[in-house]
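Take a look at the model below. Keep it open while you read this short report.

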Amino acid sequence: MEKEEKVAAEAAAAEARRRLVIGVGFWVQGFRLFPWLGVNFFLKDGMGVAASSLQILQASANLPMVAKPLLGLLSDAVPIRGHRRLPYVAIGALLQAISWLAIALWPAISLPVLTIFLLLSNFGASICEVANDAIVAEAGKQVTSSSGSGQLQSFAWMFGSSAGALGNLLGGVALSYFSPRIMFLFFAILLVIQFFTTVAIPESSLKLPRAATNLSALTSIRKQVKELSCALCMPEMFWSIIWFTLSYTVIPFLLGTMFFYQTEVLRLDSSVIGLSKVFGQVALLAWSMSYNKYFKTMSARKVLSVLQFALALIMLSDVLFVQGIYRKIGIADSIYTIVFSGLFEGLMFFKVLPFSVHIAKLCPAGCEGSVMAFVMSALALATIVSGYLGVALAAFMGVSGDDFSALPACLLIEAACTMLPLCCSSLIKERREKEKKEE
């Protein structure tokens, strides 16, 4: 009896440490929105960057995220001192800290140098996210009850969303009193704290699967590549990822253009922009809680299709906003921006949670890090392509920093493209109940 109690106590302690690592990791990464809000205003006001250039830089800064499959393979196959997760989290935090410190302290920084450090920061963030996602996937596999399925994913999302909301709220206020460089410096200090916190926790205490020690790094990578290939060749996995990627790729997002319209034409204050992003993060937080409680047992196809349709409705609402319809019926531009623009940015990523849970259920044991990294890489590449398409659409329609007359037409095209993935939602494959029982 005492032995069983001891085992139960050790399992509870390991669970608590896993939640601490996951909570800190996702909170810090969610708080990245704090310095990135400062980056937008630093580029527009401090460096005089045009709307198209701003959106291109925003999209291009995500290029390191495309390397996530390689980072996932490294994390799965090449342990550092016998550990596959926390050392990579520490390395990623350190790279981000160096980047933001350099941006904050570099005198008269040029646009090319700033771009290089932003790319390095996102490279460090991608390393952290790969390792954190793998911890969530591996720990989630140890939950045997169906009621516990998806709880860690929701827990991680709640921490990330709450940090994003706080980061945008503080960012909107901080921009009214401090320069963006102070924001960059503050976030760098947080990353240094995360680095030392991660280093202080032994990975063995998390009770995660240990790496095989009798394989060389090259052999282990080959093994992981083979397992990843087999996992991606599963029909339900392959077609689901194809649909998820297309649901972002086909949309010409106009986030940079809308940012300039709100700040240059409507003259909205930075605090309003910050509050709109806070609303989006609060919506993400509420979604993660409600999904875990009400929607996780629903079909992934149904949930993802409804979210895609809701995204298109918000875009159609933006057409009325740009034409001044809401202003005529008494809804202030600032109120609409806070609520609907914030909800739009949140809705863009609502699909990630149910899709991550869906993929985690399909993912074979042993390659969780590689598969989740591949999915996030596909998402990063899709958002980059959609950002470039948005710039091309705005340029083709003649929308610029001085002329927004064609913006309603651009938004209609954006909404129509958003509806296209609904025509092929049958690509989202569910595993048959018979196969689940056999496994």
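## The whole chain

This is a predicted model. Its secondary structure comes to 19 helices and zero strands. The protein has 439 residues, and 54% of them count as buried. Now consider contacts between residues at least 6 apart in sequence. Of these, 87% join residues at least 24 apart.

## Helix H12 and its partners

Two packed helices are described by the angle between their axes and the distance between the axes. Helix H12 covers residues 270-295.

| Pair | Partner residues | Axis distance | Angle |
|---|---|---|---|
| H12 and H15 | 333-347 | within 7 Å | roughly 45° |
| H12 and H16 | 352-362 | 10 Å | about 40° |

Start with H15. H12 and H15 are oblique to each other. The crossing of H12 past H15 is right-handed. Which residues of H12 meet H15? On the H12 side they are Val 272, Ile 273, Leu 275, Ser 276, Lys 277, Phe 279, Gly 280, Ala 283 and Leu 284. On the H15 side they are Ser 334, Thr 337, Ile 338, Val 339, Gly 342, Leu 343, Glu 345 and Gly 346. By class, the contact of H12 with H15 has nine nonpolar, six polar and two charged residues.

An α-helix has 3.6 residues a turn, so residues three or four places apart point the same way. Keep that in mind when you read such lists.

Next comes H16. H12 and H16 are also oblique to each other. H12 brings Trp 287, Ser 288 and Tyr 291 to this contact. H16 brings Leu 353, Pro 354 and Val 357. The contact of H12 with H16 divides into five nonpolar residues, one polar residue and no charged ones.

## A mostly covered helix

How many residues of helix H11 are buried? H11 spans residues 255-265, and eight of its 11 residues are buried. They are Gly 256, Thr 257, Met 258, Phe 259, Phe 260, Tyr 261, Gln 262 and Thr 263. Arg 267 follows H11 and has a positive phi, near 55°.

## Two single residues

Is Gln 194 buried or exposed? Gln 194 is found in helix H8, residues 180-200. Its relative accessible area is 2%, so Gln 194 is buried. Leaving out residues up to four places away in sequence, Gln 194 touches Val 24, Gly 25, Val 28, Gln 29, Val 89 and Ala 93.

Phe 396 lies in helix H17, residues 368-397. Phe 396 counts as exposed, because its relative accessibility is 71%. Phe 396 and Cys 410 are 14 residues apart in sequence. In space, their C-alpha atoms are 9.5 Å apart.

## The cysteines

A disulfide is a covalent bond between the sulfur atoms of two cysteines. How many disulfides does the structure hold? The structure holds zero.

Take Cys 233. The cysteine sulfur closest to that of Cys 233 is in Cys 230, 6.6 Å away, which is too far for a bond. The cut-off for a disulfide is 2.5 Å. Cys 233 is exposed, with a relative accessible area of 61%.

Cys 424 is in no disulfide either. The nearest cysteine sulfur is that of Cys 423, at 6.8 Å. Cys 424 is partly exposed, with a relative accessible area of 26%.

Notes: Residues numbered from 1 in each chain as written. Predicted model: local features only at pLDDT ≥ 70, side-chain atom pairs only at ≥ 80, totals over all residues. Heavy atoms only, no water. Buried < 20%, exposed > 50% of the residue type's maximum accessible area, 1.4 Å probe, protein only. Axes fitted to C-alpha atoms, helices over the stretch in contact; angles between N-to-C directions. Helix = DSSP H or I, 4+ residues; strand = E, 2+ residues; numbered from the N terminus. Parallel < 35°, antiparallel > 145°, perpendicular 65-115°, else oblique. Left-handed = near helix turned anticlockwise from the far one by under 90°. Contact = heavy atoms within 4.5 Å. Nonpolar A, V, L, I, M, F, W, Y, C, P; charged D, E, K, R; others polar.
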